[in-house]
Amino acid sequence: MVDKGTIVVVDDEPNIADLVDLYLARDGFRVLKAGTGAAGLDAVKDHRPRLVVLDVGLPDIDGLEVCKRIRATSRVPVIFLTARDGEVDRVLGLELGADDYVTKPFSPAELVARVKAVLRRVDGGPAPEVVQAGRATIDVGRREVRIDEQPVEFTTKEFDLLRYLAERPGLALSRQQILDGVWGYDWYGDVRTVDVHIAQVRKKLDGAATIKTVRGVGYRFDA
């Protein structure tokens, strides 16, 4: 099996760390486990991993603080594991420079898929050409949306917005993050533009996939 590189898993629950280790190792990754934030920081410094899976609730240093310290010296991708479904935690984590979130309890197979997706983005590899989201199929190559295999017309910006959200399922995204990701960092205008476009996308999806409003934050895509 091809060695896909080292991943540091920082989690104080051995059963979760072992499960993550099992699935990642089966996919060709070398896994180093750390039970505390301090041990995780040492592992990142000593082994220079390709990615870090980091639990938010650690016994010594909070996972958000660990991420902040990692970011002070490294751009290594970080995926948070969190039992807190608090949306503010999610956005705060992203502002600290995390790349993705998985909320406990989670499917190990989903975590492996997220790890691969983050590494693909970081390495500049090809994004998936087709994103399946509920009953909606987003064909990136053809720039086409099909619901139950029937094509539905989306404007350019609506398509870009739906694709951006669908590639980040379960992640609470602020309006500003969505603006930056879809309209671009140099776009100047009212953040409420996002709300108008979300309303249009929801109407066209017609329940095939769900875009939830996260109060005080923004939106979350639930396939």
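In this predicted model, helices H7 and H8 pack with their axes 9 Å apart, at an angle of about 75 degrees. Because angles from 65 to 115 degrees count as roughly perpendicular, H7 and H8 are described as roughly perpendicular to each other. From H7 (residues 175-183), the contact uses Arg-175, Ile-178, Leu-179 and Trp-183, while H8 brings Arg-192, Thr-193, Val-194, Asp-195 and His-197. Sorted by class, the contact of H7 with H8 holds four nonpolar, two polar and three charged residues.

Stay with H7 for a moment. Is this helix enclosed by the rest of the structure or left open? Seven of its nine residues are buried, so H7 is largely enclosed by the rest of the structure. The buried residues are Arg-175, Gln-177, Ile-178, Leu-179, Asp-180, Val-182 and Trp-183. Just past the end of H7 you will find Gly-184, which has a positive phi of about 105 degrees.

Now follow H8 (residues 192-205) to another helix, H6: the axes of H6 and H8 come within 10 Å and cross at roughly 80 degrees. H6 and H8 are therefore also described as roughly perpendicular to each other. On the H6 side, Lys-157, Glu-158, Leu-161, Leu-162 and Leu-165 take part, and they meet His-197, Ile-198, Gln-200, Val-201, Lys-204 and Leu-205 of H8. The contact of H6 with H8 is made up of six nonpolar, two polar and three charged residues. His-197 is worth a look on your screen, since this residue of H8 is listed in the contact with H7 and in the contact with H6, because both lists count heavy atoms within 4.5 Å.

H6 also carries Arg-163. Arg-163 is partly exposed, with a relative accessible area of 24%. Its C-alpha atom is separated by 22 Å from that of Ala-109, a residue 54 places away along the chain.

Helix H6 (residues 156-166) lies across E6, E7 (136-139) and E8, and runs at about 110 degrees to E7. The sheet itself is open and has four strands in the order E6-E7-E8-E9, with antiparallel pairing. Strands E6 (130-133) and E9 (150-152) stand at the edges with a single partner strand each, so one side of each has no neighbour in the sheet. On average, neighbouring strands here are turned by 30 degrees against each other, direction ignored. Between E8 (residues 144-147) and E9 there are three bridges, and Arg-146 has Pro-151 in E9 as its bridge partner.

What lies inside? In soluble globular proteins, nonpolar side chains tend to be buried together. Here the largest nonpolar core has 51 residues, and those with the most contacts inside it are Val-52, Leu-54, Ile-178 and Leu-205. H6 gives the most to this core, with six residues. Apart from it lies another core, of 19 residues, including Val-20, Leu-51, Ile-79 and Leu-119.

Finally, look at a hairpin. Strands E11 (residues 210-214) and E12 (residues 218-222) pair in the antiparallel sense over five bridges, and Lys-212 has Arg-220 in E12 as its bridge partner. Three residues lie between the two strands of this hairpin, where Gly-216 takes a positive phi near 80 degrees.

Definitions and conventions
Residues numbered from 1 in each chain as written. Predicted model: local features only at pLDDT ≥ 70, side-chain atom pairs only at ≥ 80, totals over all residues. Heavy atoms only, no water. Pairing = 2+ DSSP bridges. Axes fitted to C-alpha atoms, helices over the stretch in contact; angles between N-to-C directions. Parallel < 35°, antiparallel > 145°, perpendicular 65-115°, else oblique. Nonpolar A, V, L, I, M, F, W, Y, C, P; charged D, E, K, R; others polar. Core = buried A, V, L, I, M, F, W, Y, C linked by side-chain atoms within 4.5 Å. Buried < 20%, exposed > 50% of the residue type's maximum accessible area, 1.4 Å probe, protein only.
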